[in-house]
Amino acid sequence: MENVELTHGDDNSGSDKLRTRSALVVSVLAMVLAITSLGGSNATKEAMHANVMASNSYAFYQAKNVRQTDYKIAAEALELELLRGAALPSAARERMSKTFEDYKKNIARYESEPDTGEGKKELLARAREHEKVRDLALRRDPWFDYGEGLLQIAIVLASVAIITNVPALLWGSVLVGLSGGACTLNGFVLLF
């Protein structure tokens, strides 16, 4: 084997600068890639969480709707019985009337419960808000994916520039990296 001595003379100063710059570019790109990966992961988690919350709200809405429908059917049956039962004893009629009124209160309570936020009206509004959060996160997520891909390509180009000493590869890496950074930024703020 030959011993090759590296010198820091004039012939190598240009390649050393290129290697140093390329290494610096790789470091910056890796940092931006980590941020991009974190942003994409958070957008995915946020979309999944909001989707589960929307589904839960819709399920609760459906349960309330079923209960409300049961009360409506029972109230209509009682109302018909009261209309037909002129010969009912007054105690039975009074109890049926009270039950009928209770059913009507429950029907109204299932429709809207501003105090607890668990009426159908409130649940539907909550589900729609969760859908908005989910949709926003789903709009952000692809931008992080684009950013990750471009940043990985930029890191490869800068690494190849270190090995081959080709400045054009470093400039290509910077351009691709800037595109990846722009995608990442858009993932956070959705400018376009």
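The expected span of a helix is taken here as 1.5 Å times one less than its number of residues. Helices are DSSP runs of H or I with at least four residues, numbered from the N terminus.

Before I apply this, two remarks on the source. This is a predicted model, in which local features need pLDDT of at least 70, side-chain atom pairs count only at pLDDT 80 or more, and totals for chains, interfaces and linings use all residues. Residues are numbered from 1 along each chain as its sequence is written, and side-chain values use heavy atoms, with hydrogens and water left out.

I begin with helix α4. This helix has 23 residues, and the distance from its first C-alpha to its last is 33 Å, close to the 33 Å expected at 1.5 Å a residue. After α4 comes Leu 190, with a positive phi near 50 degrees.

Which residues of α4 are buried? They are Leu 170, Ser 173, Gly 177, Gly 180, Cys 183, Thr 184, Asn 186 and Gly 187, where buried means under 20% relative accessible area, exposed over 50%, and partly exposed in between, with a 1.4 Å probe and protein chains only. An α-helix has 3.6 residues a turn, so residues three or four places apart point the same way.

Thr 184 belongs to α4, residues 167–189, and has a relative accessible area of 5%. Setting aside residues up to four places away in sequence, Thr 184 touches Thr 36, Trp 143, Phe 144, Gly 147 and Leu 151; contact means heavy atoms within 4.5 Å.

Let me turn to the nonpolar core, defined as a set of buried Ala, Val, Leu, Ile, Met, Phe, Trp, Tyr and Cys residues joined through side-chain atoms within 4.5 Å. The largest one has 11 residues, including Leu 18, Val 25, Leu 33, Leu 151, Ala 158 and Leu 170. Helices α1 and α3 (120–164) each supply at least two residues of this core. Val 25 is in contact with Ala 158, Leu 170, Ser 173 and Val 174, leaving aside neighbours within four places in sequence. Another core, of six residues, lies apart from the largest one, and among its members are Leu 78, Leu 82, Phe 100 and Ile 107.

The surface also carries a nonpolar patch. Patches are made of residues with over 30% relative accessible area and no salt bridge; like charges are joined within 9 Å, and nonpolar side chains (Val, Leu, Ile, Met, Phe, Trp, Tyr) within 5 Å. This one is formed by Val 28, Met 31, Ile 35, Leu 185, Phe 188, Val 189, Leu 191 and Phe 192, with about 800 Å² of accessible area together, by the Shrake-Rupley method with a 1.4 Å probe and only the protein chains shown as cover for residues. The elements giving two or more residues to the patch are α1 (10–84) and α4. Leu 191 sits in the segment after α4 and is exposed, at 63% relative accessible area.

Finally, the salt bridges: a side-chain nitrogen of Lys or Arg within 4 Å of a carboxyl oxygen of Asp or Glu. By this rule there are eight. Lys 64 and Glu 113 form one, at 3.0 Å from N to O. Lys 64 lies in α1 and Glu 113 in the loop between α2 (90–111) and α3, so the pair ties together parts that are 49 residues apart in sequence. Lys 64 is buried at 4%, and Glu 113 is buried at 13%. In another salt bridge, the closest N and O atoms of Lys 120 and Glu 111 are 3.5 Å apart; Lys 120 is buried, whereas Glu 111 is partly exposed.
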